[in-house]
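Me: Please take a close look at one packed part of this model, and say what surrounds it. One connected account will do.

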Amino acid sequence: MDSQEKQTQKRMTGKTKKTAALLSAVIAVVVAAACYTLFIKPTRNAPQWKYDVYTVQKGTLKNGVTESGTVELGITSQVYDLDVSTESDDDDDDEEEEETYLKVEKVYAVVGQRVQEGDKVYQFTKDSINSVRKALTYEKTQAQLALASAQTEYEIGVLEAELSRTETLLDTSLAQTSYDTAIARLSNNLSAKSLEIQQLLKDIYKMQCDLTDEDYLDEKSDIMEAYEDAIDAVEDASEDFVTNRVDAAQALQSAKSSYDLFFEQFDETNQQIQDNIDRIYEIEEEIVYNQQLLEKELLKANQELEISNVSGAIADVKYQSSLTGYENALSKAQRTLEEAQEKLDAFEAFVGDGTVCAEGSGIVTEIGYEEGDYLKNTGTLIAFAKAEEMTVSVDVSQEDVVDIKVGDTVELSMSAYEGEIYEGVVASITTTATSRNAATISYPVVISILGDTSKLYGGMTADVKFVTQEAKNVTYVLRKAVVTENGKSCLYVKSGADYTLVPITTGFNNGEYVEILEGIGEGEEYYLKTQVREGEADEK
């Protein structure tokens, strides 16, 4: 073999070795990749978990609505509202009028200054104090004199009014007596007529009863029969016997006398009955006339009585009106005196030694008067911001405002002081709605901040939580620690080295915590299971 072939063979052998080495390397990589895929990677991709331990708590759970607002300072104003004007002011010129008002001699406070309760604010001139006091005292004296005069007029006026009223009522009483007498007289007359008619009717009845009495009728029959028999006896007497004719004539004469007497009495009785009937008609006519007369006289008497009663009523009205007028005048004078006394008392209470002091502590925001000013009108003396009167105003939607009422306690958290909770109370709810946008209706609610507010400033952002639901004295756990297993609520607890699920019964849920009714008790530990990311696992 020549040298060229040896070199060629040598190059081929080297190339084969490189190829084999490369192939071996590829096979090794493939095997390694297969081992990673089959054995290592599944282990590294398995989820990693951690268990954070917590303790079951007991207390109050609250649920509500949170709205944001701005802290506002409470402004307190001391107002001058005394009325020291008097009636004499209307007649005075401006220069004299100023002398009846307080004049500021010195102002001790300025806007922006921090004042404490009791600090001096104003000093008034002694001359103006004495001038106002003198004017108010004079007005009070005038009111006292006016009251005394009104009291005298009242007493005299009441006596005169009572006298006039008594005289008129006496006339009314006499008219009533006259009316009653007229009625009695006419009524007695009618009663007498009625009694007379009753007596006549009794007499008629008696006479009629007598005429129809059985004995009377028998007597009448006997007399008529005897008379008829006597007539027949005269006709039957024989002319030959004179004695018979004489006896018959005598018997007829006797029977006729009895007959005539009976019927004469009968006619008299009938005539008497007729006379009584006629008399009854006459009396009835008299009664009708008397009734008409009675009505006429009663009408007249009634008119007189009504006139008298009206006069009496008018007299009473006049009396009451006079009495009311005098009483009103007296009351007005009394009120005028009371008002003058109140003005003087209020002035003395306000002016004191001539110095006005701050009624509270805070930063001055307004001074109402300057040196040399007269306090002619009511106005603000001084206004200052009080930290203890801070409020927060928020807008609450119409769906939530129905669950809120004045006096409710709320929780406030300030953006500037994370983690600190302030307590507040609902001070007012405005019933007039405001529209934040076309779809939302809300109502302004003002919250008074309670407790120490020295760290707060006006304009700070505050979140207000209105409690709409509350569960007191309950055990509770974190809501996110509760897991659902086969449709049941469970918690992780530790059992030896393992973590197991125990079933629980839940109640009130405020979104962050859940009430535990059964399954675990206060103070026991439970665990929150969370997945650990790969980087976190490597670090661990």
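Reply: Beyond its neighbours within four places in sequence, L102 is in contact (heavy atoms within 4.5 Å) with Y80, F124, S128, I129, V132, F347, F350, V351, D373, Y374 and L375. The model is predicted, so local features need pLDDT of at least 70 and side-chain atom pairs pLDDT 80 or more, while totals for chains, interfaces and linings use all residues. Residues are numbered from 1 along each chain as its sequence is written, and side-chain values use heavy atoms, with hydrogens and water left out.

L102 belongs to the largest nonpolar core, which has 25 residues. A nonpolar core is a set of buried Ala, Val, Leu, Ile, Met, Phe, Trp, Tyr and Cys residues joined through side-chain atoms within 4.5 Å; buried means under 20% relative accessible area, exposed over 50% and partly exposed in between, with a 1.4 Å probe and protein chains only. The members that touch the most others are Y80, V84, L102, Y122, F124, F347 and L375. Two or more residues each come from strand 5 (120-124), helix 3 (126-211), helix 5 (242-351) and strand 8 (379-397). Helices (H or I, at least four residues) and strands (E, at least two) are DSSP runs numbered from the N terminus. Another core, of 22 residues, lies apart from this one and includes V394, Y443, V445 and F466.

Next, the rings. Eleven aromatic pairs are found in the whole structure. Rings of Phe, Tyr and Trp (its six-membered ring) pair if their centres lie within 6.5 Å; planes under 30 degrees apart are stacked, over 60 edge-to-face and the rest tilted. Y80 and F350 are tilted, because their planes stand at 55°, with centres 5.3 Å apart. Y80 sits in strand 2 and F350 in helix 5, so this pair ties together parts 270 residues apart in sequence. Y80 is buried, at 1% relative accessibility. F350 also pairs with F124, again tilted, at 6.0 Å centre to centre and 40° between the planes. F124 is in strand 5 and F350 in helix 5, so here the parts tied together are 226 residues apart in sequence. F124 is buried too, with a relative accessible area of 1%.

S128, another contact of L102, lies in helix 3. S128 counts as buried because its relative accessibility is 6%. Leaving out residues up to four places away, S128 touches Y101, L102 and K103. The side chains of S128 and T125 are joined by a polar contact of 2.7 Å. Such a contact is a pair of N or O atoms within 3.5 Å; within protein, one must be able to donate a hydrogen and the other to accept it, and residues adjacent in sequence count only if both atoms are side-chain atoms.

Strand 2 (residues 57-80) also holds Q78. Q78 is buried, with a relative accessible area of 5%, and its side chain reaches the backbone oxygen of C357 at 3.1 Å. Among the residues that Q78 touches, not counting those up to four places away in sequence, are V356, A358, G379 and F384.

As for the whole protein chain, it has seven helices and 19 strands. Buried residues make up 28% of its 540 residues. Of its contacts with a separation of 6 or more, 74% are between residues 24 or more positions apart.
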